[in-house]
Amino acid sequence: MQLREILEKYPKTEDYLIEILLDYQKTKVHHYLSEEELKEIANYLNVSESKVSSVMTFYTFFSMKPKGEYVIQICHDVPCYLNDQNSVQKTLTNLLNIEIGETTEDKMFTLEYTSCLGACDKAPAMRIGEKTFTSLTPNKVKAILAEYRGKKHA
Amino acid sequence: MLEKKVLSKRFGLVNPLSIKDYIEHDGYKNLRKALQMEKITIIDEVEKSKLRGRGGAGFPVHIKMMGLAKEASEVKYIINNADEGEPGNFKDRALLENDPHQTIEGMIISAYATGASKGYIYIRGEYNRAISIVKWAVDQARDMGFLGENILDSGFDFDIEVRTGAGAYVVGEEFALLESIEGKSGRTRVKPPFPTEKGLFGKPTLINNVETFCNIPVIIESGGKAYAKIGTASSTGTKLISLSGNVKNPGVYEVPFGVTLRDVIDILGGGVPESRKLKMVQLGGACGPIIPEFMLDMKIDYDRFEEFESKTGAGAIIVMDDRHNLFEILLRIVEFFGHESCGKCTPCREGHVQLERLVKRFLHKESTPKDLLSLESLARVMHQTSLCGLGQSSPISLISTLGYFRDEYHDRIEFSGGE
């Protein structure tokens, strides 16, 4: 969807800034906004570019740099830690051959930490895009990654 | 029966996407009843119920309602804080995903009683499923005439908008949440004025947690007096507990106030698995105290929780078995708060950097007696001088372990050879 179409769904008031950013970033394959897009949003809402930029840097969901097509976010808060999140994280970093905060060379996966996903009763948990995966084990993670890789080649 | 299902009684019985199901199970019946009542009577019933806020702080709900009702402003807001970001808490997610109309009904009744015309439900961005369910529920409620103009021919107008978070823990703090709804970075405000005086867009605003609003229709149905008979004298009603960590049956359990932590962990949770031993329990989430096994006969009660000077009342119980190193746990907690600090005030911004450094020294057995003194004094200063709940409650876990697990700190110093 074009940015213009998304902007026009919202009233021209500043308080919709976060909703607009969320809505538009969802449509982007590499989950980021360019400077031109940031300017267009600022113009539409009649706020300064620095204001949009400061909001974007405050909230962890937003990025000004391209990420992998699939952003894998792993929770490392205490309830997940208590349920062997370490081995799940190791499996991910080994299989993807990247560390937390990095993107694979083929630009397919980015690995990040997320704050608590509220799935502590099924820990450890991670998210890929909007999908949450729970009760993870190294084997389960392997299968999930294989499935996502398969999607790409299908 | 240890469990008492009041707010969770419809879980699994109703399709959360069907407002008809909710109505068939007594849904919106209490809104009809409330619209026939005097506004002040509704607030009186809430006062008699002794309902306290379920977001953690436990503030008496009727005082906030009365505060808003008294404001003369034409525009007043009601906000449902569904930014459940405290690690270890997932009961609001359960309420929103299983029975979304209950909290909406509570908001509408609260708006009627206080004269508010617009409401917001602010749901954290990580809760995709809850967001779509609640948006759907709000639309259905509007179609059925429970929201919008002239609700059920009462002459009362009220509508709700759903807003979503974008990954910032601190926004669960009420002032930061207001900033976020206004489209700004979620940095807290200096108070007073409090939200009921000057809140969203500068207008009087009532902010409650998802679970708090869920209690309002229940109070209308049974009356405040009958409601107050559930639980204990100081903590009435039920509490949804998010039980996680090293227990056989983690999950959300609804219990009356006054049951013990041990009963929740052993009977509902099935205890620690694989014949390992329970070492410690964290209450409330990352911001709460860590207590040893011998304290588990403590009752779930706001007054007991207040002894820890923290917002323990959100109801998370995180069980940790004897395989876990205290300092590994503390490091996770300190790193988490350091990352989530908004940076506005100095004790929180700079304090976390130093706390992390000190906890790492203990973890790696490089600590000196002086480190222990520094850690203790820094934690106190942050707790007492930070601007908002984040920096004030972040050191609580550490402070509690300096009391209950002091030997572990000393052990780490001895092994390092001291100074």
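1. Chain B is divided by the domain assignment into domain 1 (19-227), domain 2 (238-301 + 315-321) and domain 3 (326-416); such bounds come from an automatic or database domain assignment. The model is predicted: local features need pLDDT of at least 70, side-chain atom pairs count only at pLDDT 80 or more, and totals for chains, interfaces and linings use all residues. Residues are numbered from 1 along each chain as its sequence is written, while chains are lettered from A and ligands numbered from 1 in the order in which they are written.

2. In chain A, the assignment gives domain 1 (3-58) and domain 2 (70-153). The C-alpha centres of domain 1 of chain A and domain 2 of chain A are 28 Å apart.

3. Between domain 2 of chain B and domain 3 of chain B, the C-alpha centres are separated by 24 Å. Here 9 residues of domain 2 of chain B are in contact with 12 residues of domain 3 of chain B, contact being defined by C-beta atoms, placed from the backbone, that lie within 7 Å. Strand 8 of chain B gives the most to the domain 2 side, with 3 residues. By class, that side has 7 nonpolar, 2 polar and no charged residues (Ala, Val, Leu, Ile, Met, Phe, Trp, Tyr, Cys and Pro count as nonpolar, Asp, Glu, Lys and Arg as charged, and the others, Gly among them, as polar).

4. An open sheet of 5 strands in chain B has the order 6-5-9-7-8, with mixed pairing. Strands (E, at least two residues) and helices (H or I, at least four) are DSSP runs, numbered from the N terminus, and two strands pair if DSSP finds at least two bridges between them. Strand 6 (251-256) and strand 8 (290-292) of chain B are at the edges with a single partner strand each, so one side of each has no neighbour in the sheet. On average, neighbouring strands of this sheet are turned by 30° against each other, direction ignored.

5. Strand 5 and strand 6 of chain B pair in the antiparallel sense over 6 bridges. Opposite B:Ile241 stands B:Tyr253 in strand 6 of chain B. Helix 11 (residues 261-268) of chain B lies across strand 5, strand 6, strand 7 (278-283) and strand 9 of chain B, and runs at about 65° to strand 9 of chain B. Axes are lines fitted to C-alpha atoms, for helices over the stretch in contact, and angles run from 0 to 180 degrees between N-to-C directions.

6. Helix 4 (residues 61-70) and helix 6 (residues 100-114) of chain B pack at about 50°, their axes 8 Å apart. Helix 4 of chain B is therefore oblique to helix 6 of chain B (angles under 35 degrees count as roughly parallel, over 145 as roughly antiparallel, 65 to 115 as roughly perpendicular and the rest as oblique). B:Met65, B:Leu68 and B:Ala69 of helix 4 meet B:Ser110, B:Ala113 and B:Thr114 of helix 6. This contact has 4 nonpolar, 2 polar and no charged residues.

7. Between the chains, 39 residues of chain B are in contact with 30 residues of chain A. Strand 3 (159-164), helix 8 (174-181), strand 5 (238-245), strand 9 (316-321) and helix 13 (326-340) of chain B each supply at least two residues of the chain B side. Helix 13 of chain B provides the largest share, 4 residues. The chain B side has 14 nonpolar, 18 polar and 7 charged residues.

Technical notes
Contact = placed C-beta atoms within 7 Å.
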